[in-house]
Amino acid sequence: MKEDLSTLPELVLVLDRLRSAYNTGNIFRVAEALGAGIVACGYTPCPPHPKLAKTAMGTDLTVPCWHFGTAEEAAAALREAGYAVWVAEPGGAEAWEAPVTFPLAVVFGNEALGVSAAVLDGADGVVSLPMYGEKASINVGNAAAAILYAIDARRRGKIGGAS
């Protein structure tokens, strides 16, 4: 069955094979705060899910959510709907400097595996956070919050600009 993407908001978070329902619930809260939608891919938990509901604190009932078997399928459908598709991965443009255009989908990957190679290879852009520590890694929920708030600040003209 093909997902109906006609009601997508201008900012969409694509979650590529996230394992933790708690991280996913945290990202639902960020999405709700920013008026974004979520596309859950693969085995990423999506509503209804009891562990996701625990950390989503009700946002799992209000944030629009779609599911695709793979992030590749989701990225193709989003491009067809007119979205630029970015991935959040190390080595990209810093989130507060990336040239933001809307509608925009940002793909966040599994903490161990990252974003699937096919999506990364076909991305319209790569966005990241600067990392100064030895581990150079933060939780996907925290990374999503920082990156998405930087994008939102650009969208609202608070830093840089959006088109």
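Guide: Start with a term. A nonpolar core is a set of buried Ala, Val, Leu, Ile, Met, Phe, Trp, Tyr and Cys residues joined through side-chain atoms within 4.5 Å. Buried means under 20% relative accessible area, exposed means over 50%, and partly exposed lies in between (1.4 Å probe, protein chains only). This is a predicted model, where local features need pLDDT of at least 70, side-chain atom pairs count only at pLDDT 80 or more, and totals for chains, interfaces and linings use all residues. Residues are numbered from 1 along each chain as its sequence is written, and side-chain values use heavy atoms, with hydrogens and water left out.

Visitor: Which residues have the most contacts inside the largest nonpolar core?

Guide: They are Leu 13, Leu 104, Val 106, Phe 108, Leu 148 and Ile 151. The core holds 34 residues.

Visitor: Which elements give two or more residues to this core?

Guide: E1, helix H1 (21-34), H2, E4, E5 and H5 do. H5 gives the largest share, 7 residues. Helices (H or I, at least four residues) and strands (E, at least two) are DSSP runs, numbered from the N terminus. Apart from this core lies another, of 20 residues, with Trp 66, Ala 71, Ala 74 and Val 119 among them.

Visitor: What makes E5 mostly covered?

Guide: 6 of its 6 residues are buried. Leu 104, Val 106 and Phe 108 point one way from E5. Ala 105, Val 107 and Gly 109 point the other way.

Visitor: How do you know that E1 and E5 pair?

Guide: Two strands pair if DSSP finds at least two bridges between them. Strand E1 (residues 11-16) and strand E5 (residues 104-109) have 6 bridges, in the parallel sense. The count meets the rule, so they pair. Leu 13 has Val 106 as its bridge partner in E5. Leu 11 stands opposite Leu 104.

Visitor: How many bridges join E4 and E5?

Guide: There are 4, again parallel. Trp 86 has Val 106 as its bridge partner in E5.

Visitor: What does Val 106 contact, leaving aside its neighbours within four places in sequence?

Guide: Contact means heavy atoms within 4.5 Å. By that rule the list for Val 106 includes Leu 13, Trp 86, Val 127, Leu 148 and Ile 151.

Visitor: In what order do the strands form the sheet?

Guide: The order is E3-E2-E1-E5-E4-E6, an open sheet of 6 strands with parallel pairing. E3 and strand E6 (125-128) stand at the edges, each with a single partner strand, so one side of each has no neighbour in the sheet. The twist averages 35 degrees from one strand to the next.

Visitor: Which strands does helix H3 lie across?

Guide: Helix H3 (residues 71-80) lies across E1, strand E2 (37-41), E3, strand E4 (84-94) and E5. Its direction is at about 165 degrees to E1. Axes are lines fitted to C-alpha atoms, for helices over the stretch in contact, and angles run from 0 to 180 degrees between N-to-C directions. Helix H5 (residues 140-155) packs on the sheet too, touching E1, E4, E5 and E6. H5 makes about 165 degrees with E5.

Visitor: Why is Met 57 called exposed?

Guide: Its relative accessibility is 60%. The label needs over 50%, so Met 57 counts as exposed. Met 57 sits in the loop between H2 and E3. Its phi is positive, about 50 degrees, although Met 57 is not a glycine.

Visitor: Why is Ala 53 called partly exposed?

Guide: Ala 53 has a relative accessible area of 32%. Ala 53 is found in helix H2.

Visitor: How do you know that Asp 60 has no salt bridge?

Guide: A salt bridge is a side-chain nitrogen of Lys or Arg within 4 Å of a carboxyl oxygen of Asp or Glu. Lys and Arg count as positive and Asp and Glu as negative, while His and the chain ends are not counted. For Asp 60, the nearest side chain of opposite charge is Arg 29, 9.4 Å away. That is beyond the limit, so there is no salt bridge. Asp 60 lies in the loop between helix H2 (50-56) and strand E3 (65-68). Not counting residues up to four places away in sequence, Asp 60 touches Phe 28, Pro 47, Leu 52 and Ala 53.
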